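Please read it alongside the sequence and the coordinates.

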Amino acid sequence: MIFQYHTPFFMLKRKDKVKNGKGAILTLTERKTNMLIMKKLKHGKNAIQTAKVAARLLFPYRCNVLTITTDNGSEFAAHKIITEKLKGVVVYFADSYSSWQKGAVENINKLIRQYIPKGADFKDLSDKHIMNIQKKINNRPRKNNKPPEKLNFSSPKVEFFNFIS
């Protein structure tokens, strides 16, 4: 699979489900700048609703999105909705048990764990709380030691908007 550095590329992941299977958080990570977009999914793992939410979150950046890589979960079965709404964005699926193929989103989810511990009930989390977590992570200066240096102590938000402008 070939990824282009000229245009942001997003990775989607359904973060966790609550014990009754009714709650989830969709995390979208742009791989070049590590910009995070996250949203609590009110319909759990429903594929159609997940695709609609993902398309709505990415719509403002549709001119900059070429590809999306997702998990193999059933919640991404309606990926064609994303492709239609974002006018031709290609959706790839990571190989099973190959978390290294979506390392950026896995690392972001590790940062989210600082605010939402494993096993937390997502019903208790408000949309405002989720948005605050997103803002904190996107405004946190970070360094990437691996070439090419992505952020060099800048924040994902600053780098993302510099990149797409």
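Helices (H or I, at least four residues) and strands (E, at least two) are taken here as DSSP runs, numbered from the N terminus. This is a predicted model, in which local features need pLDDT of at least 70 and side-chain atom pairs count only at pLDDT 80 or more, while totals for chains, interfaces and linings use all residues. Residues are numbered from 1 along each chain as its sequence is written, and side-chain values use heavy atoms, with hydrogens and water left out.

**Overall plan and confidence**

The chain has five helices and five strands, and from the N terminus on its elements run β-β-β-α-β-α-β-α-α-α. The predictor's confidence in each residue is given by pLDDT, on a scale from 0 to 100; the chain averages 80, and 82% of the residues score at least 70. Confidence is lowest in strand β1 (residues 10-14), with a mean of 54, and highest in helix α4 (residues 127-139), where the mean is 95. Over residues 1-9 pLDDT stays under 50, although the model has 29 contacts for this stretch beyond four places in sequence, a contact meaning heavy atoms within 4.5 Å. Where pLDDT is low, the predicted coordinates should not be read in detail.

Of the contacts in the chain between residues at least 6 apart in sequence, 59% join residues at least 24 apart. The accessible surface of the chain comes to about 9200 Å², and 53% of it belongs to carbon and sulfur atoms; these areas come from the Shrake-Rupley method with a 1.4 Å probe, and for residues only the protein chains shown count as cover. A residue is called buried under 20% relative accessible area, exposed over 50%, and partly exposed in between (1.4 Å probe, protein chains only). Buried residues make up 45% of the 165 residues in the chain.

**Helix α3**

Which residues of helix α3 (residues 103-112) are buried? They are Ala 104, Val 105, Ile 108, Asn 109, Leu 111 and Ile 112. Seen down the axis of α3, these buried residues fall within an arc of 155°, so they line one face of the helix; the arc is that of the directions from the helix axis to the C-beta atoms.

Most residues other than glycine have a negative phi. Asn 34, placed in the loop between β2 (24-30) and β3 (36-41), has a positive phi near 65°, and with a relative accessible area of 13% it is buried. Lys 87, in the loop between α2 (79-85) and β5 (90-93), likewise has a positive phi, of about 55°, but at 73% relative accessibility Lys 87 counts as exposed.

The loop that holds Asn 34 can be related to helix α5 (residues 156-164), in which Asn 162 is found. Pro 156 also lies in helix α5 and is buried, with a relative accessible area of 0%, whereas Asn 162 counts as partly exposed at 49%. Val 65 belongs to the loop between α1 (47-58) and β4 (67-70) and counts as buried at 5% relative accessibility. Lys 85, in helix α2, is partly exposed at 42%, and beyond its neighbours within four places in sequence it is in contact with Lys 52, Ala 55 and Phe 59. The table gives C-alpha separations for pairs that involve these residues.

| Pair | Separation in sequence | C-alpha to C-alpha |
|---|---|---|
| Pro 156 and Asn 34 | 122 residues | 5.5 Å |
| Val 65 and Val 90 | 25 residues | 9.0 Å |
| Asn 162 and Thr 33 | 129 residues | 9.8 Å |
| Lys 85 and Ala 54 | 31 residues | 9.9 Å |

**Aromatic rings**

The structure holds three aromatic pairs, where rings of Phe, Tyr and Trp (its six-membered ring) pair if their centres lie within 6.5 Å, and planes under 30 degrees apart count as stacked, over 60 as edge-to-face and the rest as tilted. Phe 160 and Phe 161 form an edge-to-face pair, at 5.1 Å centre to centre and with 85° between the planes. Phe 160 is buried at 1% relative accessibility, while Phe 161 is partly exposed at 35%. Together with Tyr 61, Phe 160 and Phe 161 form one aromatic cluster.

Arg 62 lies over the face of Phe 59, at 3.9 Å from the ring centre; a charge sits over a ring if NZ of Lys or CZ of Arg is within 6 Å of the ring centre and within 35 degrees of the ring normal.
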